[in-house]
Structures are given as C-alpha cells and as structure tokens.
Amino acid sequence: MSVKQLCLIAIMACINTIVFTTFSSILYLECITFTIVLFAIVFDLKSSVLAAFVFTIVNFMYQGINPWTMIYVFVYPFYSLIVGLNQKFLRKHFFITVFVCGFLSFLTGQLLQLPMILFSKKITMLYFMLGLQVSIPQGIMSAIFCFICYKPVYSALIQIKRRMNYEKSY
C-alpha cells in the first residue's frame, strides 16, 4: 500500500468519525451512511472498506467496546463493500443511490437492535418493532439528505480524487 493510499484511508476515516460524532446528536439524521456510500462510490473498494473499518476502530476508542459499537465493525465496512462492488451502477442511477442510502440507514437502526438477543428473543422482537418508529424516519431523512447533498459532495470528491491522481509529487 502506498503512502498516498494510507493517507486517503486515514482522511476518510477521520471524516467518517467527525460526521458520526457531529450528526449523532441530531434526532433521525444519520449522515454516516451517506459518507460511507459516497466514499464507496467515488474511491476504490480497498480504500473505502478500510476507511470504514478504521472509523469503527476509532469509534471504539471514544465510545467504548460494547455490543452496539461492535455491530458497527460489521455494518459499515459491509455497507462500503456492497456499495463499492456496485459503484459503476450506482454512479449512473441517482435515485437508486438515494434509495440505497436511505435503506442502509434504516437497516442500521434495525441491526443495532441485535445485541438485545443477548437478553431474550422476545425482548429483541419488541425492540425491532419499537425500533421501526426510529428507523423509518431515519431512513427517510437519510434519503432526503442524500437527495439534497449527493451531487455537490460527489462533485467535490471527484475533483479531489482527480487532483490526487494527476498532480505531480514534489
């Protein structure tokens, strides 16, 4: 791995951490899925997946290791992998990208209920049902956020990517 790629991974992981921390205090606005999706669409698969993984490790450091933060280790790198494998398709289909972002955000809210199975299957099912009242608005808000912000942020990231790849190092 080159130094340039390591720096890119570190910067993307830092941005993910900042976005996660900043927007987690705003009810229903879950922007980390948006950044994970965008990075996976714009940058190469290896960099985007590793950045998502590094972000989850950094998340451990300030939120602590618990069943809920451990879910992030699987969820966000997996999202990055799925989107990265379909990046060519998603680049061409804006509305599908918006739907995918909203759906993955919804799914995150539901998957975070899985650690409740440690206590009881009935409690887990109850949390899944109660979680719908948060996950559905969260998915809708993420889709709206993606619809509004995707094109300008995508354009900015493409410009950054071009400058990274084409300018000579001195």
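Among contacts in the protein chain between residues at least 6 apart in sequence, what share joins residues at least 24 apart? It's 76%, where contact means heavy atoms within 4.5 Å. What you have here is a predicted model, in which local features need pLDDT of at least 70 and side-chain atom pairs count only at pLDDT 80 or more, while totals for chains, interfaces and linings use all residues. Residues are numbered from 1 along each chain as its sequence is written, and side-chain values use heavy atoms, with hydrogens and water left out.

**Overall build**

- The protein chain has seven helices and zero strands; both are DSSP runs numbered from the N terminus, with helices being H or I of at least four residues and strands E of at least two.
- The C-alpha trace spans about 60 × 35 × 25 Å along its principal axes.
- A compact globule of 170 residues would have a radius of gyration near 15 Å, and the 16 Å of the protein chain agrees with that (taken over C-alpha atoms, with the rule being 2.2 Å times the number of residues to the power 0.38).

- Of the 170 residues, 42% count as buried, meaning under 20% relative accessible area with a 1.4 Å probe, protein chains only.

**A look at helix 3**

- Helix 3 covers residues 45-63, so to speak 19 residues, and reaches 27 Å from its first C-alpha to its last, close to the expected 27 Å (1.5 Å times one less than its number of residues).
- Its buried residues include Ser47, Ala51, Phe55 and Phe60, and their cover includes helix 1 (3-23), helix 2 (32-42) and helix 4 (67-85).
- Thr56 sits in helix 3 and is buried, with a relative accessible area of 0%.
- Leaving aside neighbours within four places in sequence, Thr56 is in contact with Tyr72, Val73, Tyr76 and Pro77.
- Just after helix 3, Gly64 takes a positive phi of about 90 degrees.

**The largest pocket**

- The largest pocket holds about 350 Å³ of space; a pocket is an open set of points on a 1 Å grid over the protein atoms alone, where a 1.4 Å probe fits, with protein on both sides within 12 Å along at least five of seven lines.
- Of its 21 lining residues (those with an atom within 4 Å of a point), the closest to the centre are Ser24, Glu30, Tyr72, Leu112 and Gln138.
- Helix 7 gives the most to this lining, with four residues.

Key:
Buried means under 20% relative accessible area, exposed over 50%, partly exposed in between (1.4 Å probe, protein chains only). Grid points are joined across faces, edges and corners, and a volume is the space filled by probe spheres set on the points.
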